[in-house]
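Notebook open, model loaded. I'm jotting down what I looked up, one entry per topic.

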Amino acid sequence: MDPNEAARTLEQELERGRELIAAAGTLEAVDEAKIALLGRKAPISAVQSSIGSLPGDARRELGRRTNEAFAELRSALEARRAELEEGAEDELLRADAVDVTLPGRRPRPGSLHPLTLVQERMVEIFTRMGYRVAEGPEIEDEWHNFEALNIPPDHPARTMKDSLYVDVPGLLLRTETSAVQIRTMESQDPPVYVVVPGRVYRREAVDATHLSVFHQLECLAVDEGLSLADLKGTLEAFAHEMFGPQIHARITPDYFPFVEPGAQMAVSCFICNGVGCRVCGNGWLEQGGAGMVHPTVLENCGYDAERYTGFAFGLGIERVAMVRYGVNDMRLLVEGDVRFLEQFEGVA
Ligand code: 2NL
């Protein structure tokens with residue numbers, strides 16, 4: 001290649017290079033331009049190869065101009081690459097941008113089950129009166145579940161009809177939490193003031209007011225000089241705390257083998273205030289049984305029934321929850337339907 005043609009080629013390549021580089025809109029286009037302008041098959045490479053065959057001055061002159069052309073093209077390519085990379089980064093930042101002014105997504109925390117809410121409230125009411133909380137096994141022996149409670153072997157509650165027995169002879173699912181009070185009296189001297197919340201089991205046909213697995217809170221007080229008045233006062237105080245000062249407790253005679261006298265406990269209806277309505281019928285809602293602890297039960301636990309008297313009652317936690325929250329079907333409390341349960345979010 002003669003020097004004049006080589007010089008012209010350099011000029012043309014610089015011109016073509018400036019256009020190619022300016023038009024390169026992507027990093028790939030910059031790579032392609034680099035190969036076209038500086039690659040082995042690029043015109044400038046042919047110019048470079050021809051330098052060696054030129055005489056002295058002409059060789060130096062073409063060498064210098066070729067180097068300058070290379071340098072200019074390289075730095076233009078690099079500048080364009082840097083420009084595009086920065087743009088790509090800006091684009092990424094834009095795509096990744098977070099609008100911090102958008103409202104947050106509200107988390108939906110779970111909530112306590114209504115039975116848990118009621119049980120905790122009941123326990124709180126009694127512990128504030130001075131009671132301790134006791135718990136015990138759900139599989140019991142017949143002594144603690146029946147005999148110690150003055151329920152004789154031929155009592156109907158002991159048959160397969162009313163109780164759920166396990167495969168081990170002499171053991172059954174507890175039918176009331178009283179067994180825990182028996183264990184408490186066996187292990188300590190009076191005075192005793194305990195409440196026992198817990199799950200109990202009965203062979204029962206399930207309907208709107210009965211479950212075969214349900215919850216009780218039983219209360220036991222044994223001390224010198226306790227009377228039916230203490231029982232009534234305790235129930236009345238509980239009803240006021242649980243349902244409000246307008247609600248009253250009522251006890252009416254009933255029979256349970258472990259108490260004498262025995263009573264049924266009801267609270268005045270929260271809808272009609274004891275007048276009588278569709279929900280309650282006669283103005284009262286049954287909440288459980290109560291009574292003065294039978295002297296035989298005290299003696300069975302080694303207590304001196306001449307010196308000590310006691311009162312006891314058992315409240316159905318499901319029944320208390322139905323009154324407190326106006327639930328008309330007990331089965332709602334065990335079905336786990338979230339449409340029911342989520343209504344207790346934030347409820348105390
Ligand atoms: C019911 C009946 C009641 C008791 C539970 C009791 C416990 C001991 C001694 C005497 Cl250790 N009594 N508990 C007394 C009367 C009734 O509950 O079916 N409630 C839901």
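This is a predicted model: local features need pLDDT of at least 70, side-chain atom pairs count only at pLDDT 80 or more; totals for chains, interfaces and linings use all residues.

**Helix pair.** I started with α8 and α10, whose axes come within 10 Å and cross at roughly 50°. I took axes as lines fitted to C-alpha atoms, for helices over the stretch in contact, with angles from 0 to 180 degrees between N-to-C directions. Helices here are DSSP runs of H or I with at least four residues, strands are E runs of at least two, and both are numbered from the N terminus.

Residues are numbered from 1 along each chain as its sequence is written, and side-chain values use heavy atoms, with hydrogens and water left out.

Which residues meet between α8 and α10? I found Phe 238, Met 242 and Phe 243 on the α8 side, and Val 320, Val 323 and Arg 324 on the α10 side (contact is heavy atoms within 4.5 Å). I sorted them into 5 nonpolar, no polar and 1 charged; Ala, Val, Leu, Ile, Met, Phe, Trp, Tyr, Cys and Pro count as nonpolar, Asp, Glu, Lys and Arg as charged, and the others, Gly among them, as polar.

**Phe 243.** I skipped its neighbours within four places in sequence and still got contacts with Phe 238, Val 267, Gln 287, Val 320, Val 323 and Arg 324.

**Cores.** Phe 243 turned up again in the largest nonpolar core, which has 45 residues; it is among those touching the most other members, as are Met 122 and Phe 311. A core is a set of buried Ala, Val, Leu, Ile, Met, Phe, Trp, Tyr and Cys residues joined through side-chain atoms within 4.5 Å. Buried means under 20% relative accessible area, exposed over 50%, partly exposed in between (1.4 Å probe, protein chains only). I checked the suppliers: α5 (114–129), α8 (228–243) and α10 (317–325) are among the elements giving at least two residues each, and α5 gives the most, with 7.

**Strands.** I then saw β6 (residues 249–254) pair with β7 in the antiparallel sense over 6 bridges; pairing takes at least two DSSP bridges. Ile 251 stands opposite Met 265 in β7, and a hairpin of 4 residues joins the two strands.
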